[in-house]
Every structure is written in C-alpha cells, then in structure tokens.
Amino acid sequence: MIVILGDGLDVVACPLVNAEEAIHRADCSLEWHELVDAGLTRLDVRCRAIPCRRKTLSLKALGCVSEATRSRLEVMAQREQRLRLQEVPRTHFPRKKPIHAGQKHEAWLDGWSLKSRREAELRID
C-alpha cells in the first residue's frame, strides 16, 4: 500500500496490485524508479487509487515515494471517490414498498447507498 494521507493512528492508503490483474479505472501505473524508491523488489505492480483507511500499527514501512508521486495518487484517489459517490444503481422498474417494511428498513435504503459504513465515512478533502 502507498500512504497518501496520514493523521494520527489512521492513514488513508491505496493498495498495490499485480500488473496481471484486470485494469480498473482507478489504476495508476508507476515508473520503475518509483517502485525501487518505495523499496519494492517487484516491478510488475500498479497502484489502485481506491482509498482505504488502515491503522498505522498494522502497517510496516518499506520505503518512501516522492511527493510528486504521492500527490498524483491523491488526485487520482479524489477522482475515484467522486466517481463512486456519483454512482447510483439502476432499477428497471419502480418497486412498491413491501407491506412488512418498517422505518428501520427504509432508513437503510435511503438514497440506495450500497457502500459499507467504512467507505461511506471516508472522505478526502
């Protein structure tokens, strides 16, 4: 993972994925010298600019990327977060509310958000 923001006990980081995996819109290719500076021995990886929150204590530092690389990944992560917030599941037919649906059920489906609680709380400013 490459840390793009750090604040106390938590960090916002983007995972590294194998170059043989399917390409995602948030993938950002890294130059070989950026990977070497980061302390990686494998050069067949890409950074997937999908921000996720991790505890600082669970991470082990291997190396350091340049400020230009970090800021490039931060811009890509902000773009991906903005695109994810715009995504709305499409329904073909409007569905009627089931008779047994209670207030608790309606609040969970408000806005048709399918994100996890952790992802919903994550915002990059």
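This report describes the fold, the surface and two residues of a single predicted chain.

The model is predicted, with local features requiring pLDDT of at least 70 and side-chain atom pairs counting only at pLDDT 80 or more, while totals for chains, interfaces and linings use all residues. Residues are numbered from 1 along each chain as its sequence is written, and side-chain values use heavy atoms, with hydrogens and water left out.

The chain has four helices and six strands, arranged along the sequence as β-β-β-β-α-β-β-α-α-α; these elements are DSSP runs numbered from the N terminus, helices (H or I) having at least four residues and strands (E) at least two. Of contacts (heavy atoms within 4.5 Å) between residues at least 6 apart in sequence, 76% join residues at least 24 apart.

Of the 125 residues in the chain, 27% are buried, where buried means under 20% relative accessible area, exposed over 50%, and partly exposed in between, with a 1.4 Å probe and protein chains only. The accessible surface of the chain is about 9,600 Å², and carbon and sulfur atoms account for 56% of that surface; such areas come from the Shrake-Rupley method with a 1.4 Å probe, and for residues only the protein chains shown count as cover.

| Residue | Relative accessibility | Class |
|---|---|---|
| Gln78 | 25% | partly exposed |
| Leu59 | 31% | partly exposed |

Leu59 sits in the loop between strand E6 (52-55) and H2.
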